[in-house]
Amino acid sequence: MDISTGATVKSHCVGTTAIVYASDYLNKLTGEKIERECRRQLDSGCRALVIDFSDTQLVNSIGISILLGIIDIAEKSGAQVVFSDVNNQTIQLFDMLGLTRHVALARNEQEALSTLSGFNSTPTVH
Amino acid sequence: MSIADFNGRVLARVPRHDFVGRADELDRIVKHANAQSGRGLLLLMTPSAGCSELLRQAYDRLFNQQSDVIPLYYAFTRHETTAVSAAIEFLQTVLQQYLAFRRKEPALCRAPLTLQDVLELAPSSDLEWIEPLVKMYERIRFSNDNRALVRFCLGAPQRIPARSGKAFVMFDGAQLADDLNGSVILGAELLRVFGRSGQSFVLAGLRRQILDSARAAESNFELLDLLRLEQLNAEEAHSLVDHVALRSKVVLTSEVRDLLVQQFAGSPFFITNFLQAAREKNIALNTYLDCERLYVDELLGGHVNHHFTNLLEEMAPEVEKRVRLIRVIWEAVAGDEKSASIEGWRRRLEVEPAELENILHHLHIQEFVNWTGATIDATTGSQTWKDYLRAAYRLAIKADPRALVVAETIAEALKRAPNTMARHYKQSDRIDLRGVVGAFDCQRVPALLFDYDPFRKTYKGLDDAELQSQLASEANLAKLPQTVHVASCYAFDSATRKAYDEERCVVAHAFEDGIYTDAQQTVWLIAELEAKLEVDIELAKTWFDRLESLARQNDFQRHQVWLISNEGFDEAACEFLRQHAAFCSNKRQLEILIQQIGATSAVQPAPVEAPDEFLMVVPMGEENELLAASAVEQIARRLTFPPQAINQIKTAIVEACINASEHSHSPDRKIYQRFRVESDRLVVTISNRGIVPTNVGSNNAHLSKQESSDATAEDRRGWGLKLIRSLMDEVEFERVDEGTSLRMTKYLRTV
């Protein structure tokens, strides 16, 4: 397992899946750091992204719009994205802004990895 | 009365500590006096910038200094009708102020003394020059030689014996000197007399008039220093409003203060007169409406009206001609005529060429028009002048009912006020593009500061410290040219004024490597684009084509287009600009460039009225919205809101704070938050100063899931308000003159 904290965003790889950890507050600054890290992981060959929200207490609309940008970037690279460990309030916001229509949610990292292995064996439906 | 009794004030009308701004100018005048260099100082005043109090303050400082510099202050007034009477008045003033200084009795400056009184009050050591002076004056006065009399009176300060000190004369209102009747043109005459006297002096007046007088007198400009007096800057003007309002006991809010400063363009003359009117009418200035009502009163009948009407009466004493003059000027202003013909004006005014010349001269020195000799540009006057003209035109020529003119002028002023403030806030918030480009001087900077795409890929998401350290190792450096001239694009293409914001689109003439040859000469055309997100190819192309067209029109051979936008450019736009060898940067790149080249009822919280009300003010930025969110969490817990509702309130507050920070151009960069606890609800009001957002009043901003995530990137950045409306039970914009005040209510429900 490869662990990195590039640009202050924690991440590690499991095979060709990058797991990127969001911080406690997702806003423009932290969102851009996540975006940067996701781009870096995709450029270095990752085929799927798990963004872990276990530390995330609060998100704002700019942070969410950056997440949508990340989904777009991943889509262009042919990579899957799963959000894991998202709290209920944040799910409500994601739902409100239609984000959940574009991304799979998982209870935790393990479930996210399982979901991704399922994607690899079945066609993706978005 | 002695000096001590006057508490330092002799001629000044306001105490020194109440005299705002102009500190440098005051020092300069006093230094000029003390240097005794024998040079003249021409104080070139922008119309209505106010210099009289500055000169009186200088006088007082010199008077209280009691050195060998004898201050003498004389103001030309409209009451003097001839050069001779003004010269006689000057002589009387010189003698009285000399006596006041010598006897250290300030009251003598204003006492109604005759020449006989002067002789009686003069110290015996001074009688030896004052007595002959008075006798000679009596003789010349009845000699019928006006020029000799004027020269004699103006020469009085030179007769003060050296042992008594050196006279330092300050002439105020010099533009009035040339309007005096008689065979002597006094302005030019006094420049001749004082220019040859070897004494230091100040001649203050309208800048265009003073320079004309100096040329007419064939002054030796090597012996003259110039001091330009512009309107006050915003900070000084704010301070002036505060001081005058306090002194006059006029209540006003900071929004109204800021509006006054912008509306009167920092003019001390108009600001002071306006507040004086508020005092006389006992009007509190709490809202824009209070302010504009009084403004229109002033335009139609108060101090402002009096000022402009007097000036027009001087230009055209006969009523019929004056009415024609108002018509011609207003129609030129309304028609945006920048180069009207002289002959056209002459025909419409029905005057002889000489009279027209006199009228145009006066309009020109007051800067109501720009008169080049061949054409007239009537669009240059201040907004106050134009408002006065329009009202005068409607009343005198169109014969509109006065009530209609008043109502419509108030309405126009009210509609204009938020735009005036928005323009000001945007300007204050903006990087000084001219300053940045003007500082280009062959410095070497990382080349990617001019190329957004690689910058985004390499540096976006890095914090400042990381970015600086990585940039330091950038090997690919670009050498900036040396800029020799920067001007607005508008200056090169006035026909497309609306396309170019004067401060956001500039043309810089420069030389590569600072080598002044044709081959090295280059022109940079730079535009700062307004966009919330990355600029797309269409907008980038529009601006690129616009600047290229400007380059072609002006035959700029070698040129470089550089586009700047807050959030940079999308990939297609970057590709397009790269193909056309144009530069593109985002705001962060520009800020780094600046560092590298070394260029250098507002929403004031009302007092908390209820015990269940909390007030919090946080600076914008630095994630301070989290402080507000944390505070409201504590308050909501006391009301036993469930965790989900607390999170919704917190998110709504964060969004409101972000909106306030991102779009307001707030002058104080603060967010005002009021939390009111009621038995069944929590009411949160988030306010900020700045521009009024365009979506205020829109009630259709609820989210629908279908439209949300499919929205374009630009729309996504407008999610904040929609989110707030979805998270809170009631959301309402409160009416404020400027900025935003958003009230959000969450009801307590059993879950």
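The following conversation examines selected features of a predicted model and the definitions behind their names.

Colleague: Why is Val351(B) called buried?

Modeller: Buried means under 20% relative accessible area, exposed means over 50%, and partly exposed lies in between, with a 1.4 Å probe and protein chains only. Val351(B) has 3% relative accessibility and therefore counts as buried. Val351(B) is found in the loop between helix H15 (342–349) and helix H16 (353–365) of chain B; helices here are DSSP runs of H or I with at least four residues, strands are runs of E with at least two, and both are numbered from the N terminus.

Colleague: Why does Thr640(B) count as exposed?

Modeller: The relative accessibility of Thr640(B) is 58%, so the residue counts as exposed. Thr640(B) sits in the loop between helix H25 (625–638) and helix H26 (643–663) of chain B. Its phi is near 60°, a positive value in a residue other than glycine.

Colleague: What is the standing of Ser48(B), buried or exposed?

Modeller: Ser48(B) has a relative accessible area of 17% and is therefore buried. Ser48(B) also has a positive phi, of about 65°, although it is not a glycine.

Colleague: What makes the contact of Lys321(B) and Glu355(B) a salt bridge?

Modeller: A salt bridge is a side-chain nitrogen of Lys or Arg within 4 Å of a carboxyl oxygen of Asp or Glu. For Lys321(B) and Glu355(B) the N to O distance is 2.8 Å, and the side chains meet in a salt bridge. This pair links distant parts of the chain, with Lys321(B) in helix H14 (residues 319–334) and Glu355(B) in helix H16 of chain B, 34 residues apart. At 15% relative accessible area Lys321(B) is buried, whereas Glu355(B), at 25%, counts as partly exposed.

Colleague: Which residue forms a salt bridge with Arg689(B)?

Modeller: The partner is Asp258(B), with the closest N and O atoms 2.2 Å apart. Arg689(B) counts as buried at 4% relative accessibility, and Asp258(B) counts as buried at 3%.

Colleague: How many salt bridges are there over all chains?

Modeller: The count comes to 52. Among the residues linked in a network of salt bridges are Arg456(B), Glu534(B) and Glu571(B).

Colleague: Why do strands E6 and E7 of chain B stand at the edges?

Modeller: These strands belong to an open sheet of three strands, in the order E6-E8-E7, with antiparallel pairing. Strand E6 (340–341) and strand E7 (370–371) each have a single partner strand, so one side of each is left without a neighbour in the sheet.

Colleague: How do you know that E7(B) and E8(B) pair?

Modeller: Two strands pair if DSSP finds at least two bridges between them. E7(B) and strand E8 (residues 375–377) of chain B have two bridges, in the antiparallel sense. In E8(B), Asp377(B) is the bridge partner of Asn370(B).

Technical notes
Residues numbered from 1 in each chain as written. Chains lettered and ligands numbered in written order. Predicted model: local features only at pLDDT ≥ 70, side-chain atom pairs only at ≥ 80, totals over all residues. Heavy atoms only, no water.
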